[in-house]
Amino acid sequence: MKVKANCKINLGLDVLRRRDDGYHDLSTVMYPVRGLYDELEITPAASDGVEFVAAGMTVDCPPEQNICVKSHRLMRERYGVGGVRVALDKRVPFGAGLGGGSSDGTAVVVALNEIFSLGLGEDELIAVAAELGSDTAFFVRNTPQLCEGRGEIMTPVDVDLRGMRIAIVKPRASVSTREAYSGVRPSLPARPLSERIAEPVERWQGSVKNDFEESVFALYPEIGEVKRALLDAGAVYASMSGSGSAVFGLFDDENAAERLRSMTPYIFEM
């Protein structure tokens, strides 16, 4: 089975409060970017375990710690699935806040459900995927969702960016999740994100925000400079995605977006 595991962007991200369990309650709108994806080929194998091979971008972790391998291990423990071979062609930049790893892990869960005819419904798939990380559950639905709690509480949201262009820039700097959270200051916004995101895209800048930007930009000024460059180039909305370091700009002018080709190869129609 061949699968395209697309990435996501965060249209706004409010860090609301620190929880007693050490995590944070969030409110964010995740939106799939189908033009930028990893490719996976997942096939049954004679062994009980998983044979994992990777190509494309080199991910700095041992194969046994790759989320694709963890996904198979979880599904084997939970549902007794057999062995598989997973071939990953990594194309989505990692350490970027684009959810590429989470998408890969969820893609394996969904594929194993089909390959081994488990008959798991959406709720069961979401529950399994959520055990792998905070963003993974989103990719079961893979449609615009208001994500709350740690990201696992999802509500469909009516945001339609079709016809716009997106430019995604991955600076050289990478921001660890731990680093991003260490500098953030949780707070409750005057208006919930669900209200602000319902406004026209042209009104988002300055209203729809990412709470990680202030501390991350202070540590890595070059990431903030990318956001300013996107806005100067004509983006109607620009933001860092997740905890960074990727920054995206939304354009309603195709030519303005295409002029950024020298800055980034990641330009797609939404």
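Visitor: Where does M164 lie?
Guide: M164 lies in the loop between β6 and β7. Strands here are DSSP runs of E, at least two residues long, and helices are runs of H or I, at least four, all numbered from the N terminus. This is a predicted model: local features need pLDDT of at least 70, side-chain atom pairs count only at pLDDT 80 or more, and totals for chains, interfaces and linings use all residues. Residues are numbered from 1 along each chain as its sequence is written, and side-chain values use heavy atoms, with hydrogens and water left out.

Visitor: Why is M164 called buried?
Guide: Buried means under 20% relative accessible area, exposed over 50%, partly exposed in between (1.4 Å probe, protein chains only). M164 has 10%, so M164 counts as buried.

Visitor: What does M164 touch?
Guide: Contact means heavy atoms within 4.5 Å. Not counting residues up to four places away in sequence, the partners of M164 include V201, V236, L250, F251 and F268.

Visitor: What makes β8 and β10 edge strands?
Guide: Two strands pair if DSSP finds at least two bridges between them. The open sheet has the order β8-β9-β7-β10, with antiparallel pairing. β8 (237-240) and β10 (266-269) each have a single partner strand, so one side of each is left without a neighbour in the sheet.

Visitor: How do you know that β8 pairs with β9?
Guide: Pairing takes at least two bridges. Four bridges join β8 to β9 (residues 247-251), and these strands run antiparallel. M240 stands opposite V247 in β9.

Visitor: What puts the buried residues of α3 on the same side?
Guide: In α3 (residues 122-130), the buried residues are L125, I126, V128 and A129. They cover an arc of only 165° around the axis, which puts them on the same side of α3. The arc is that of the directions from the helix axis to the C-beta atoms. Their cover includes α1 (67-79), α2 (100-115), α4 (138-141) and β6 (153-156).

Visitor: Which residues have the most contacts inside the largest nonpolar core?
Guide: A nonpolar core is a set of buried Ala, Val, Leu, Ile, Met, Phe, Trp, Tyr and Cys residues joined through side-chain atoms within 4.5 Å. The largest has 30 residues, and L40, I42, M75, V86 and L112 have the most contacts inside it. α2 gives the largest share, five residues. A second, separate core of 29 residues includes C7, L11, V33 and L146.
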